[in-house]
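Here is a friendly briefing to keep beside the viewer. Please have the sequence and the model open as you read.

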Amino acid sequence: MTSLQISFICLSSSFSLKRTHATNVPKFRRMPLLVPKISIKKSFHESNNSRDTNPLEVNVTQKILHDEDIHNLNILNTKTRIYSILELVTDRVEMHHNVGEQRDNWNTLLLNSINMITLTATTMSGLAAACPGSGAPPLSLKLSSTLLFCAATGLLLVMNKIQPSQLAEEQRNATRLFKCLNTKIETTIALRNPTEEDVNDMIEKVLALDRAYPLPLLGGAMLEKFPEKFEPVVWWPNNKTSQPHEGKAKSEKMEQELMNGWSEELEMELREVVEVTKRKDFEDYERLGNMALKINKSLAIIGPLLMGIATIGSVFVDNIGSSSWAYLVTLLAGSSAAVVNSFEHGGQVGMVFEMYRYCGGFLRLLEETVEATLEEKDVEKRENGEVFENKVAMQLGRNGLQLRELASKSASYRRDGIAMDEFASKLF
């Protein structure tokens with residue numbers, strides 16, 4: 001009860017205060033409170049739409065993102081593969097360079113060793129014939145010269161079989177070609193993203209180079225040093241061109257001929273250049289290659305034959321008074337064998353033969369490249385015509401203007417019926 005009384009007294013006092021001080025308190029205008037009216041139904045639907053989007057759009061977006069991820073992953077895998085090929089090619093460059101230096105050292109060391117052994121054995125045979133009597137000194141000289149001749153004959157047979165100068169030239173060519181392939185891979189990576197076709201093409205080129213220039217000497221992997229006839233080396237895979245449909249209209253082809261730097265005149269010019277190199281340059285390299293092959297075969301037979309004659313003659317060497325023919329034959333055969341060996345391996349006839357094989361292969365590659373490019377009917381898929389013309393001209397040691405002059409002269413001589421030999425003699 002007391003609490004109720006106290007609250008009543010407080011309320012009555014507050015009312016009395018309001019009345020007494022009503023004149024002193026200012027009156028304020030009542031301002032309405034603006035509260036935005038929210039449509040509960042509308043906001044509910046908007047929230048549902050934000051959460052529940054169109055499932056078709058979601059699937060399309062997810063598919064696009066998934067395709068982009070797969071595309072990026074394929075590019076990454078392709079780059080990884082082509083970088084691994086680049087590492088392999090770099091290793092092959094170093095390997096072939098080292099092996100080439102080693103086999104060049106073989107040529108020098110074997111040549112000097114065989115010549116020194118041969119001349120020493122020849123000198124011993126002469127001393128044995130000059131010594132009087134039939135005691136121990138002449139016998140020891142005869143045996144020593146015979147053993148030295150036998151050793152020189154065996155070394156010369158091995159040297160003629162493997163042809164170290166030709167082996168060294170093979171490795172030098174392989175080093176140069178692997179360097180070119182290395183540069184081509186780096187250029188492809190720098191210009192654009194490599195494709196699966198680029199990777200397969202590089203793998204085929206590496207395998208073709210391995211077949212053309214093998215490293216091992218045993219197991220039948222070594223190249224034949226004395227083939228029956230001259231054949232240019234092939235270090236590139238077969239050019240595979242996709243043949244277009246024959247049903248295309250001729251007008252469409254005529255429209256495309258002026259695109260991508262190609263024209264009818266440029267195609268005729270390249271065909272004439274290929275014809276000139278085939279009839280003149282390739283025939284010259286083939287003739288010189290066959291000549292070098294015959295010389296190398298003859299020297300490879302004559303050298304060991306003379307060495308064998310000297311070996312047999314050293315057995316029958318006696319003093320000069322009893323039999324003068326044996327030591328004369330030994331001295332002449334041993335000296336001639338040293339001369340033949342020096343001419344064959346000092347002159348590096350095998351290296352010259354391999355050089356002609358490489359030059360013939362270069363011209364054949366140029367011919368196949370031009371023919372494969374011209375057989376591609378879709379001009380947009382070809383390399384740019386002006387770039388291709390400059391590339392062919394530089395490979396032949398000319399510029400574009402000289403290449404066009406060569407083609408025009410060849411065509412004019414062909415129309416006049418002049419023989420290619422006469423044309424080449426006037427041109428070169």
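What follows is a short tour, from the whole chain down to single residues.

This is a predicted model, in which local features need pLDDT of at least 70, side-chain atom pairs count only at pLDDT 80 or more, and totals for chains, interfaces and linings use all residues. Residues are numbered from 1 along each chain as its sequence is written, and side-chain values use heavy atoms, with hydrogens and water left out. The protein chain has 13 helices and zero strands, where helices (H or I, at least four residues) and strands (E, at least two) are DSSP runs numbered from the N terminus.

**The whole chain**

- Read from the N terminus, the elements run α-α-α-α-α-α-α-α-α-α-α-α-α.
- Of the 428 residues in the protein chain, 35% are buried; buried means under 20% relative accessible area, exposed means over 50%, and partly exposed lies in between (1.4 Å probe, protein chains only).
- Among contacts with a separation of 6 or more, 83% come from residues 24 or more positions apart; a contact means heavy atoms within 4.5 Å.
- The protein chain exposes about 26,500 Å², and carbon and sulfur atoms supply 61% of that area. Accessible areas come from the Shrake-Rupley method with a 1.4 Å probe, and for residues only the protein chains shown count as cover.

- Two packed helices are described by the angle between their axes and the distance between the axes. Axes are lines fitted to C-alpha atoms, for helices over the stretch in contact, and angles run from 0 to 180 degrees between N-to-C directions.
- Helix α8 (residues 264-315) packs on α10 at an angle of about 160°, with the axes 8 Å apart. The two helices are therefore roughly antiparallel to each other; angles under 35 degrees count as roughly parallel, over 145 as roughly antiparallel, 65 to 115 as roughly perpendicular and the rest as oblique.
- The crossing of α8 and α10 is left-handed, a term used if the near helix is turned anticlockwise from the far one by less than a right angle, while clockwise is right-handed. By class, this contact of α8 with α10 has 17 nonpolar, five polar and seven charged residues. Here Ala, Val, Leu, Ile, Met, Phe, Trp, Tyr, Cys and Pro count as nonpolar, Asp, Glu, Lys and Arg as charged, and the others, Gly among them, as polar.
- Helix α10 (residues 349-375) also packs with helix α11 (residues 385-395), at an angle of about 165° and with the axes 12 Å apart. That makes α10 roughly antiparallel to α11.
- On the α10 side, Phe 362, Leu 366, Thr 369, Val 370 and Thr 373 meet Phe 388, Val 392 and Gln 395 of α11. By class, the contact of α10 with α11 has five nonpolar, three polar and no charged residues.
- The axes of α8 and α11 come within 11 Å and cross at roughly 20°, so these helices are roughly parallel to each other. Leu 266, Glu 269 and Leu 270 in α8 meet Gly 385, Phe 388, Glu 389 and Val 392 in α11.

**Residues worth a click**

- Glu 389 sits in helix α11 and counts as buried because its relative accessibility is 7%. Leaving aside neighbours within four places in sequence, Glu 389 is in contact with Leu 266, Glu 269, Gly 400, Leu 403 and Arg 404.
- Arg 81 belongs to helix α3 (residues 55-130) and counts as partly exposed, at 33% relative accessibility. Arg 81 and Val 199 are 118 residues apart in sequence, yet 7.1 Å apart in space, C-alpha to C-alpha.
- Phe 226 is in the loop between α6 (196-212) and α7 (250-256), and is partly exposed with a relative accessible area of 22%. Not counting residues up to four places away in sequence, Phe 226 touches Asn 160, Gln 163, Leu 293, Asn 296, Lys 297 and Ala 300.

**Two positive phi angles**

- Gln 163 has a phi near 50°, a positive value in a residue other than glycine. Gln 163 is placed in the loop between α4 (136-162) and α5 (164-191), and counts as buried at 0% relative accessibility.
- Gln 348 is not a glycine either, and has a positive phi of about 55°. The place of Gln 348 is in the loop between α9 (324-346) and α10.
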